Structures are given as C-alpha cells and as structure tokens.
Amino acid sequence: MKHDSIVIVGAGVIGLNVALVLAEKGHGQHTTIIAEHLPGDTSINYTSPWAGANFSAISASDDNALRWDKLGYTHLLDLAAKDGENSFVKETSSVEYWDELPPATKIDSMAGYLKDFRRLSTDELPSGVAFGITFTTVTINAPLHIKYLLNKLTQEHGVQVIRGTLSKISSGFLSPTTKVVFNCTGNSAKQLEGVQDSKCFPTRGQILLAKAPQIQQNTMRHGKDYETYVIPRPYSNGNVIMGGFMQKGVSTADTFGEETESILSRTKAMLPALDSSNTEILGAFSGLRPSRQGGARVAREEITLDGTNGQRVVVHNYGAGGTGFQAGYGMAVEAVDTVTQELQGIFPQSRL
C-alpha cells in the first residue's frame, strides 16, 4: 500500500485538518504529512501552538469567511460534545463587543447558527461599544489540541508523518504514485518556490499566559485598530490567554514590556475580575499569524513536474490569519472537495 498517494505539506492546524477530512473519507493510510515542525515543537515559524484559541467573530465578512466559520463551528461544537476532554475543546459562554457596528451580513450569518445567540441591549454595552452579542463558543487548548489531532491521525487512521523541509512545493510529490499535494505551509507560502505568493504577510501577536481560575467566560472587544481578548484555556487547570496585538507585516519573535502592560491594562478594564490576587502572569509570548491580502487561499492548481509527462495537482490552503482553528475544518472540507476525481482513483481504506 502506498502511503504517499496524498501528501500534505505543513503540520499546523490547517494541514492537520486536511488530514482529518481525508481520513474521515477513508484515505488516512494513503496520506503522508511532511513538515519542518510538528505538534509538541515551539518556534516563531510554527504558529498554531501560540493561538488563543477559540471561535470568535474576529474573521472577515466575505462569503468564504462566513462559510468556513459555520462549517468550523459546527465541527468544533460536535467535537466538544463527543470528545471534548480528549480533544481539549470545550463549550464556553462568550461575550463579544465591537467599537463600530459590524456588517449586517456578518450579524445575520452569526445569528443563524451560533448556539444561544443574543444581541445585547444598549444598556448592556460598556462605554465606547456600539454593538455586542453573547453566545456559546468553543475554546481550544491549542498546543494540546494539535497533539490530539496528530495522535488521532497516526494511531487511528494510519497517516504517516515525515519531519523535513522542502525547497519547492513540487518536491511534495514524493514518488510517481503521489496524486495530490496539499500546500498548507502558512507563512512559508511567501517564499516557497512554486508558490511565492506576494500577497502573504505575517501578522504578529503578543499574548500573556496567566493562571486565572476565576475566569470562566470568553470575552473579546473588536476595535478599529486593536483586539482585546481573554480566552479561558480548557483543561489547563485554570489558565487563560490574554491579548493582544494585530501587527501586520511584523515578524519579530521578541516580546515587549510595554505591550505586556498594554494587554494587562486593556484586559483588566474589559474584565475587572482579572484584577485579583488569583491572577498570576506566567509568561509573555509572540506568534505570527499567516495572513494574506484578500483572505485565505483555497484553490486547486495543475502543475507539470520536470522530467514527467502529464500534470499533477497541488491544492493550496493557507493564509487563514488568526482564524485557523475556527475556519480550518471548513477550509479543509473545501480543499479536499477540489480533488474529488483524483481521490476516487485511490482505493478507499477498508472499513472492515
């Protein structure tokens, strides 16, 4: 049996979700992931472990973002209900504020599927806030959730994993039997030969990890040029993520004291329960969201390999910015749907 009929380049939450969707279709034993960094690693060039992470309204309002959000929310809510503790995904009450009224298309979309959705009345809004909602979100323990995904893929579905780097995307065709390569390379898509997407850029964030067991609610405030958030980290003995920053084009791994003070000031003003002797700051961290002008790219491309006849298929799936955990499953479903014909040529995994 060939394990490299399908190759996924990248093992962040985007690549892992592609592997999950493929495995659910019976292609786990035909799939290989190749990546420089794997769950359990830490690097400024490996974004997923640094995420908050949750489902929030931080995403854009275009049709793609709205569609991916809905698919991702449904998947994560189901995962929280069926395997929440093992997957480190948990239903959590949430309140979100906007300094400016979001587009009606986004409000209508969210109202159509978010569990326990309610628009806040004017007298419930803090000073300076134009709009707010409450709903049931899902919070995700990012570093442990991606470990869960990798273990599930390898142990239950037979996905193979290779630690390595590629100099060009065509090198993902590991053998003549490789039919499809999924490009889930995040920030690397800007430089990787054969991709070199000039629309890609990093968006730096700085966060604080704190122990604050008194905080059980997800709270976010979306400003014109800032994001402030407090996200409980599920199954972590009371830890929370406090943020943050959205610095486009900034790629330093450094953390800065003035940014820590800004986060503390903003989060405590938004959520006074943080200003307590129970709150202990454990550390400051930075991460680089893999962003892209015009939004994430989910697209099929046919390429010709040097020295071969016929074309091979690359499916690009990158540029999710700060929405990889909430939109990743929806993006994966659509990425896999672009190669339905190629997948039909791979003998499906036996379910016996």
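Buried means under 20% relative accessible area and exposed over 50%, with partly exposed in between (1.4 Å probe, protein chains only). This is a predicted model, in which local features need pLDDT of at least 70, side-chain atom pairs count only at pLDDT 80 or more, and totals for chains, interfaces and linings use all residues. Residues are numbered from 1 along each chain as its sequence is written, and side-chain values use heavy atoms, with hydrogens and water left out.

Begin with aspartate 41, which is buried at a relative accessible area of 19%. Aspartate 41 sits in the loop between strand E2 (31-35) and helix H2 (63-87) and arginine 163 in strand E6 (residues 160-163), so the pair ties together parts 122 residues apart in sequence. Helices (H or I, at least four residues) and strands (E, at least two) are DSSP runs, numbered from the N terminus.

Next select arginine 67 and glutamate 334, a salt bridge whose closest N and O atoms are 2.4 Å apart. Arginine 67 is in helix H2 and glutamate 334 in helix H6 (residues 324-337), so this pair ties together parts 267 residues apart in sequence. Arginine 67 is partly exposed, at 34%.

Stay in helix H2 for lysine 82 and aspartate 78, 4 residues apart and separated by about one helical turn. Their salt bridge has its closest N and O atoms 3.2 Å apart. Lysine 82 is exposed at 67%, while aspartate 78 is partly exposed at 37%.

Finally, select Arg300, Glu302 and Glu342, which a network of salt bridges links. The salt bridge count is 11.

Note on methods:
A salt bridge is a side-chain nitrogen of Lys or Arg within 4 Å of a carboxyl oxygen of Asp or Glu.
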